[in-house]
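Hi,

Here is the structure I said I would pass on. Have a look at it first, and my notes follow below.

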Amino acid sequence: MVWEGRYLKMLVWDGWEYVERANMTGIVGIIAVTDDKKLVLVEQFRPAVNAKTIELPAGLSGDGKDEDGESFEVAARRELFEETGYECGDMVPLMDGATSPGLTNETVVVYLAKSLRKTGPGGGEGSEDITVHEVPLDNVVEWLEKRKKDGCVIDLKLYSALYFCNGMRPYGNGKRTG
């Protein structure tokens, strides 16, 4: 180990430098689409890119003393509510995988939140300063392009989300549908 902070560790293995997440069991992302076909997105400043980012609602599982041992689904429900103020009827796992395997051991499980109900303000917890956006699916690509022109960084996981929002399913029988 080269260095360890509160949330990250810098390691070297056979000459390869990489980062590990500490103090959590995993990461969850949520594709949340309202009944009127709007994709729920969050915007927040991220120091690593020195810009506001547009992302799926997401967060860490098992990162607090109250969340120790929580399942990914419970974490996804918690993060959805904290960040957006939405609760959902069903939380369906869609995909999981590495976020940047050349840099970090970080993996994410992405869920589809169904039967959304707005029951809180959202905006995050503590020092988080999250803006919630509800973007019509028919206009989301153009909306993201405008946000890029305004200086926002778009999280690439959003484009995977659009794949699922458009009815494509790469898993199951291995055939695309939609």
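Let's start with Glu43, which counts as buried at 6% relative accessibility (buried means under 20% relative accessible area, exposed over 50%, partly exposed in between, with a 1.4 Å probe and protein chains only). Before going on, note that this is a predicted model, where local features need pLDDT of at least 70, side-chain atom pairs count only at pLDDT 80 or more, and totals for chains, interfaces and linings use all residues. Residues are numbered from 1 along each chain as its sequence is written, and side-chain values use heavy atoms, with hydrogens and water left out.

**Salt bridges**

Glu43 has a salt bridge to Arg147, with the closest N and O atoms 2.9 Å apart (a salt bridge is a side-chain nitrogen of Lys or Arg within 4 Å of a carboxyl oxygen of Asp or Glu). This pair ties together distant parts of the chain, 104 residues apart: Glu43 sits in strand E5 (residues 38-46) and Arg147 in helix H2 (residues 140-149). Helices (H or I, at least four residues) and strands (E, at least two) are DSSP runs, numbered from the N terminus. Both Glu43 and Arg147 are buried.

Glu43 also meets the side chain of Lys52 in a salt bridge (3.8 Å, N to O). Lys52, though, is partly exposed, at 46% relative accessibility.

Then there is Arg46 with Glu55, again a salt bridge, the closest N and O atoms being 2.9 Å apart. Glu55 is buried at 7% relative accessibility, while Arg46 is partly exposed at 34%. Elsewhere, salt bridges with shared partners join Glu70, Arg78, Glu79 and Glu82 into one network. The whole structure has 13 salt bridges.

The largest pocket has a volume of about 1800 Å³. A pocket is an open set of points on a 1 Å grid over the protein atoms alone, where a 1.4 Å probe fits, with protein on both sides within 12 Å along at least five of seven lines; lining residues have an atom within 4 Å of a point. A volume is the space filled by probe spheres set on the points, which are joined across faces, edges and corners.

The second largest pocket holds about 200 Å³. Its lining has 13 residues, with Val33, Lys37, Leu112, Ala113 and Lys114 nearest the centre. E9 gives the largest share of that lining, 4 residues.

Cheers
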